[in-house]
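Please take a look at the model below.

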Amino acid sequence: NGVKLTRDLANLPGNICTPTYLAEQAEKLAKTHKKLKAKILDEADMDELGMGSFLSVSRGSRQPAKLVVLEYHGCSAKSKPYVLIGKGLTFDAGGISLKPAASMDEMKYDMCGGASVIATLAVAAELELPINVVGLVPASENLPDGAANKPGDIVTSMSGLTIEILNTDAEGRLILCDTLTYAKRYDPAAVIDVATLTGACIVALGRHPSGLMSNDEELASAVISASDTSGDRVWRLPLWDDYQDQLKSNFADLANIGGPDGGTITAGCFLSRFAEEFKWAHVDIAGTAWKTGTEKGATGRPVPLLAQYLIDRAS
């Protein structure tokens with residue numbers, strides 16, 4: 001059921017599945033399960049929180065950004081929740097750093113991470129897992145406009161770190177970093193983010209496994225174990241400090257890209273700077289969230305992986 005929900009959401013065109021539509025689906029889902037609660041943060045809420053990085057992405061769109069918050073309460077409130085974060089770019093044209101026209105229609109799938117997180121919360125509710133889970137979905141569009149980010153712009157994230165935007169098409173990490181900072185308020189047992197983040201992941205691993213990076217050995221092992229059980233495979237990539245130098249900026253605390261070398265890893269390194277206070281794993285699903293060509297369509301991954309991870313925690 002979770003895989004089907006993910007595929008149904010992801011296959012919708014961008015003119016229907018907007019950030020507002022995605023938020024409405026989360027609210028509808030919450031009404032069907034007593035242990036699910038939905039809260040939607042709008043741009044005014046995020047501005048008050050200081051989410052300058054996230055909001056910089058949505059400036060080029062006529063569709064208002066939303067931060068979808070889904071909470072599943074399956075046990076005592078004293079039990080720390082597992083937080084899942086899913087990238088929810090309902091359409092990604094690349095912004096000023098415009099993507100090539102060929103296959104740009106597939107950029108409606110840039111919200112597959114968000115869809116999978118919403119669906120995984122539905123799985124937890126349907127199975128009545130005796131754990132607490134929080135799903136966070138930063139939802140936006142990334143389009144070129146007079147108000148859009150420009151290469152060289154500098155924004156201030158919710159954490160206070162400043163970011164030089166060298167490529168506006170590296171926007172997923174800009175919305176995820178503020179959401180990672182927001183996740184701290186839950187004092188999480190662990191945080192896993194899933195995102196169609198880098199084309200470099202497809203170059204490195206093809207379209208069979210998702211890429212995995214983590215700052216915690218125990219968490220990484222648990223995700224790999226869930227991968228083995230579910231068949232929703234991951235392959236771990238290094239998250240060494242050596243790569244952090246590629247994100248240096250002359251004008252800000254860090255740049256949003258690290259050059260052509262190790263693009264998946266430097267994206268993970270970028271996110272790691274905002275996840276230093278909790279156990280965190282990052283799953284890059286750029287190669288696994290949908291199929292292209294004659295079989296074009298969403299796969300529903302990584303719902304089996306995330307669901308199995310939660311089932312393992314519950315048992």
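Q: Leaving aside its neighbours within four places in sequence, which residues is Thr181 in contact with?
A: This is a predicted model, where local features need pLDDT of at least 70, side-chain atom pairs count only at pLDDT 80 or more, and totals for chains, interfaces and linings use all residues. Residues are numbered from 1 along each chain as its sequence is written, and side-chain values use heavy atoms, with hydrogens and water left out. Contact means heavy atoms within 4.5 Å. Beyond four places in sequence, Thr181 is in contact with Met158, Ser159 and Phe274.

Q: Is Thr181 buried or exposed?
A: Buried means under 20% relative accessible area, exposed over 50%, and partly exposed in between (1.4 Å probe, protein chains only). Thr181 has a relative accessible area of 9%. That makes Thr181 buried.

Q: Where is Thr181 placed?
A: Helices (H or I, at least four residues) and strands (E, at least two) are DSSP runs, numbered from the N terminus. The run that holds Thr181 covers residues 172-183. Its name is helix α6.

Q: How many residues of helix α9 are buried?
A: Helix α9 spans residues 263-272. Its buried residues include Thr264, Cys269 and Phe270.

Q: How far from Lys66 is the nearest side chain of opposite charge?
A: Lys and Arg count as positive, Asp and Glu as negative; His and the chain ends are not counted. A salt bridge needs a side-chain nitrogen of Lys or Arg within 4 Å of a carboxyl oxygen of Asp or Glu. Lys66, in strand β2 (residues 66-73), is buried yet has no salt bridge. The nearest side chain of opposite charge is Asp42, at 5.5 Å.

Q: Which residues have the most contacts inside the largest nonpolar core?
A: A nonpolar core is a set of buried Ala, Val, Leu, Ile, Met, Phe, Trp, Tyr and Cys residues joined through side-chain atoms within 4.5 Å. The largest one has 52 residues. Its largest share, 8 residues, comes from helix α5 (residues 112-127). The residues with the most contacts inside the core are Ile192, Tyr309 and Leu310.
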